[in-house]
Amino acid sequence: MKVNVKWGKELFTDIDVDTAQPPLVFKSQLFTLSGVPPERQKVLIKGGQLKDDEWGKQQPKEGMTIMMMGSADEVKVEAPVNAPKFVEDLPEEEQNTLETKAYGSGLKNLGNTCYMNSTVQCLYSVDGLREALMQYTPAAAADPSSGLVVAAKELFEDLQKGGEAFPPFRFLITLRKRFPQFAQQTNEGLYMQQDAEECWTQVMYSLKEQLKDSSGESIVDRLFGIKMQTKLKCDETDEEFQESSTSYTLKCNIDETVSYLHQGITLGLKEDREKNSSKLDKLVMFKGTAKIAQLPPYLTVQMVRFFYKVVVQQKAKILKKVTFPLELDVYDFCTPELQKQLAPARTALKDYQDKLAFEKRTAKQQKTENGPKLAPAADTAAAAAADVDMKDADAGASSSSAAAVTAGA
């Protein structure tokens, strides 16, 4: 049946009522129309108030008008928590750096500090190191390395904000205080150029000492540690020895024979070392090579460009060009045991790459075979007529050619 409901100055007409359902269903309908919650509704039918669970004597009739009293809930309009931001509404300096924000802010050069900036930006790209720094809390006891790690943490936080390039003053001051060699100045009072590898090594040393996981393991060892195995032999005595060590860089030595990174790493893994011989009881030369026994998640390769020039008694830089690939394959530098572990993954990768190459080659071949086709002849008679015409044309062409040759003769 249909009824009308009067609520204050409002009149809701033709409301469907099903008395087979409890009155609460009817009140819910009124709530959707008026905004008055069922618990606040006072519905009057035939002088009595309608209950929630039964109609009782308050049975409605077709077309009747029912009175309702009660106040509606106030509709609260709240601003969205995560309101969308449009590029046009951002400050101009943020618009200029929007595309590079994911890579962090830039660092301004504070006078021959490119070695430090490049070191910081390389380390900032390592997710695990960023996370460990953000969770770092210095110990109560003062430690020379903790100040530099705190400065690195604050610097990473600033980099993470994105935006315009900024000067890393505090980190630079703390670095020079912790490692005075980076505060060296020229006779004119200008700060000297420094080796990025030396800066990287010193910063990594401080991070290694301070950043530990829950088990006490160094975060730097876990992320950057290269397990090496070195075998050396003395040609004079046939003595051999083997040792294991942890390194944090793979050296690429550069001489006149090195043009490619692979060559430099091969040269860097060779080792000549003087060691006391138990047979001769004197220092003898041992020669050999080092192999990678375990690879880290992040492999650091150093191009050794600085060397000490005895003639002038200062560092000199090797400017020779060394070509390097975007993907470095170090399989040849690994121990046989590690090569055995890597073999299944290498085989799977090669099979996948071969499959992609085959699919690409097949698609290209099919495209060539399914190239533009000639239009079919209209009918056999037309084709025959065309053949006759072509013969006549060929005969005419032969006569013309013969005439041309004769005339030319």
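Student: In what sense do strands β6 and β7 pair, and over how many bridges?
Tutor: Strand β6 (residues 226–233) and strand β7 (residues 240–247) pair in the antiparallel sense, over eight bridges. Strands pair here if DSSP finds at least two bridges between them, and the elements themselves are DSSP runs numbered from the N terminus, with helices (H or I) of at least four residues and strands (E) of at least two. Bear in mind that this is a predicted model, in which local features need pLDDT of at least 70 and side-chain atom pairs count only at pLDDT 80 or more, while totals for chains, interfaces and linings use all residues. Residues are numbered from 1 along each chain as its sequence is written, and side-chain values use heavy atoms, with hydrogens and water left out.

Student: Switching to charges, which side chain meets E236 in a salt bridge?
Tutor: E236 meets K282, at 4.0 Å from N to O; a salt bridge is a side-chain nitrogen of Lys or Arg within 4 Å of a carboxyl oxygen of Asp or Glu. This pair links distant parts of the chain, since E236 lies in the loop between β6 and β7 and K282 in strand β10, 46 residues apart.

Student: Is E236 buried or exposed?
Tutor: E236 counts as exposed because its relative accessible area is 54%, whereas K282, at 42%, is partly exposed. The cut-offs are under 20% relative accessible area for buried and over 50% for exposed, with partly exposed in between (1.4 Å probe, protein chains only).

Student: Where do D127 and R130 lie?
Tutor: Both are in helix α4 (residues 127–134), three residues apart, which is about one turn of the helix.

Student: How many salt bridges does the structure hold?
Tutor: It holds 13, and a network of salt bridges links E243, E271 and R273.

Student: New topic: how much space lies in the largest pocket?
Tutor: About 1,200 Å³, where a volume is the space filled by probe spheres set on grid points joined across faces, edges and corners. A pocket, on a 1 Å grid over the protein atoms alone, is an open set of points where a 1.4 Å probe fits, with protein on both sides within 12 Å along at least five of seven lines, and lining residues have an atom within 4 Å of a point. Here 33 residues form the lining, and Q194, D195, A196, E197 and F306 are the closest to the centre.

Student: Which element gives the largest share of that lining?
Tutor: The largest share, six residues, comes from α3.
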